[in-house]
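Subject: The two-chain model, and what I found in it

Hi,

Here is the structure I promised to pass on to you. Please open it beside this email and follow along as you read.

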Amino acid sequence: MKVIAFVNNKGGVGKTTCSKLMAEYLSKVKKIPTLGIDFDPQCNFSHQYLKMEIDPAAPEGLMPPIHPDYATDDPDHIDWDGRSSISEIFYGQGVVPYPTYLQHLDLAPGHAEKLLAAEAVRKSEVVDKVHKQLANFLNSEDVKAAYDAVVIDTAPSKGPLTVSVMKAATHIVIPSVMEEQPVQGIYGMLQLWMQESLAREKDRPLKLIGILPNMFKQTRLHKDILKCLQENPAISKYVLPVSLSQRIVFAEIDAEEANPRSIFDYSVSHVAKQEAEEVCAYITERIFS
Amino acid sequence: MTKKKRFGVSQALTRGLSEAINVVENNAAIYRNTVVPLSRIELDPDNPRKLTINLNDVRNGLKKEDPHYEKKAEELERLKELASTIESSGVINPIVAYKLGEFYRVVAGERRCLASILAKKNEIEARVFNEKPKGFGLKLVQWIENTAREDLTLDERIGNIRDLIREYQGERGEQGITATLLKHITSLSLPQATYYLSVLNAPDDLRKAIEHGQVRSLDKAAMIAGIDSDEVRREALTACINGSSLKELRKIIAREKLVSSQPKIMREKAKRGRVASRINMGSTANAKVVQAIVQSVLSHTNFNRYSEIFSQVAWDRYDHATRAFRKLVEILEQEMVR
């Protein structure tokens, strides 16, 4: 089972868009049984596939809807409130992934308040309470039997949630806008990659697929910064030869009631679909070859 | 026409990105920083540090019938001091180990492990190599670990260096080890490397004294090892064992040099320039030397008749002593012609 995470501690660089494209490419185009995990308290990834609800206990945050398998008269569900998010792993409870409109894609959605609570765990407790939990969950036999790929959208932070993702992932991709601040976010992620790589067993390395230039515009700023990274001998090996351009269509398919819902439903000649396929095919080839 | 503005990533950020990448590329899959259970720790029987106390003693307590009970009890006391700091502040530097079957064999950090067990800890932070380090690498780590230790005996240090050289030669082929090469391998200073090399090649008596802990200072051992004469070396060694200082040992060696340098005066040397036709009688600031020479000659029956000439000499005055010596040489030249 491959665990692919899109990470960057700078917000607004397209982690959710990339996670969505990758999850849909693997499940819809490649027919690979895939689990999407939303580890970002903003829950935007979850909102793409589920009608997330406002949490009455924390009105600024979202929570998952009632699970379609939940039945109030089922004696097995007595201790369950009918909602399940990936944050249950921090509370010793089982996670029940939600089916999505895509046949091969399930989703373990986020729960804003619970994820924020995990992010705020005290330093002395964080290793046991947060860092190890996602890896434990993904190593469970049930999960490994059900899925061949896991795609994780992460929070724009370097905190316990992102560390937890680093510990669980087999591969990471760092999407970044070619601007100074997002590139600083790459540095933050390379630091976490370094720490994790030095703590890993030899037979399960954390592979950095690379830096994905995202929301790329043909401006001097973007071109110059990309060139600067490509010209550095150490960094250039990790700058992906594919990129995603700034296109309004990526925002349009995120809208509620969007039709089509996936970029992969567009016609073969659509430039955004071609670009998304090129990027996802490249990453898939690197991960599964 | 104005120039178009160019953008880029700051130098500091580029450096940070490259450094992180290089660290992973150069170190990942070689070792990992982790926490290992102390129950799976094993000590390296080949570590040149000859700690008498072992895991079993620390886990189950010392037994009075143990032949090394006293030494172990001393070591245990010292470990307890370390254990109390570990209890309060933890282990500051991780130990170095490698995976050996189900266990982790300690390359460096035996005392930290034993003290952590005493401090009732269950785990210890470790840098774990994925494979057993090769001979030279292993010995080098142990050397680096041991070199900062104050309680390591001279014999243990020398043993460590000897192993290090053996493994180095084993890996790179037999080659002469010079002080410069040893300095390069161990990061010792050149004088220290020189001392170690001379002690490594020391005669048996000195080596035994080091082994028995009778000679504990590297400087003194190196000084004694450098003495050519067996007799003088034995004298210096005995003095060292009896507590002589470096200065006192230097005096003994200076005496040896004086004796051994005598024949050199007689040695024929190729000379340049005019052929010598006179003998330089030398000079001295000690007028008593001149008085002693004059009086020695005058005490001879052939010369005592000249005593009266020297009766008025003020020997504490250089001009008087000089004139007296010249007079003596003059007399001797006359007497020798006869």
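This is a predicted model: local features need pLDDT of at least 70, side-chain atom pairs count only at pLDDT 80 or more; totals for chains, interfaces and linings use all residues.

Residues are numbered from 1 along each chain as its sequence is written, chains are lettered from A and ligands numbered from 1 in the order in which they are written, and side-chain values use heavy atoms, with hydrogens and water left out.

**Where the chains meet**

Chain A brings 27 residues into contact with 26 residues of chain B (contact means heavy atoms within 4.5 Å). The size of an interface is often given as the accessible area lost when the parts come together. Here, about 2500 Å² is buried between chain A and chain B, with 66% of it on carbon and sulfur atoms (buried area is the accessible area, with a 1.4 Å probe, that two parts lose on being put together, summed over both). Of the area that chain A buries against chain B, 24% comes from A:Leu198, A:Lys202 and A:Arg220, more than from any other three residues.

Between the chains, the count is 1 salt bridge (a side-chain nitrogen of Lys or Arg within 4 Å of a carboxyl oxygen of Asp or Glu). A:Lys237 and B:Glu25 form a salt bridge through their side chains, at 2.9 Å from N to O.

**A pair of helices in chain B**

Helices here are DSSP runs (H or I, at least four residues), as are strands (E, at least two), numbered from the N terminus. The axes of α9 (residues 204–211) and α11 (residues 230–241) of chain B come within 10 Å and cross at roughly 10 degrees. Axes are lines fitted to C-alpha atoms, for helices over the stretch in contact, and angles run from 0 to 180 degrees between N-to-C directions. α9(B) and α11(B) are therefore roughly parallel to each other (angles under 35 degrees count as such). On the α9(B) side, B:Asp205, B:Leu206 and B:Ala209 make the contact, and on the α11(B) side B:Arg233, B:Arg234, B:Leu237 and B:Ile241 do.

**Two backbone details in chain A**

The peptide bond from A:Asn259 to A:Pro260 is cis, with omega near 0 degrees. You will find A:Pro260 in the loop between α11 (248–252) and α12 (271–288) of chain A.

A:Lys31 is not a glycine, yet has a positive phi of about 55 degrees. This residue, A:Lys31, sits in the loop between α1 (15–29) and β2 (34–39) of chain A.

Happy exploring!

Note on methods:
Angles under 35 degrees count as roughly parallel, over 145 as roughly antiparallel, 65 to 115 as roughly perpendicular and the rest as oblique.
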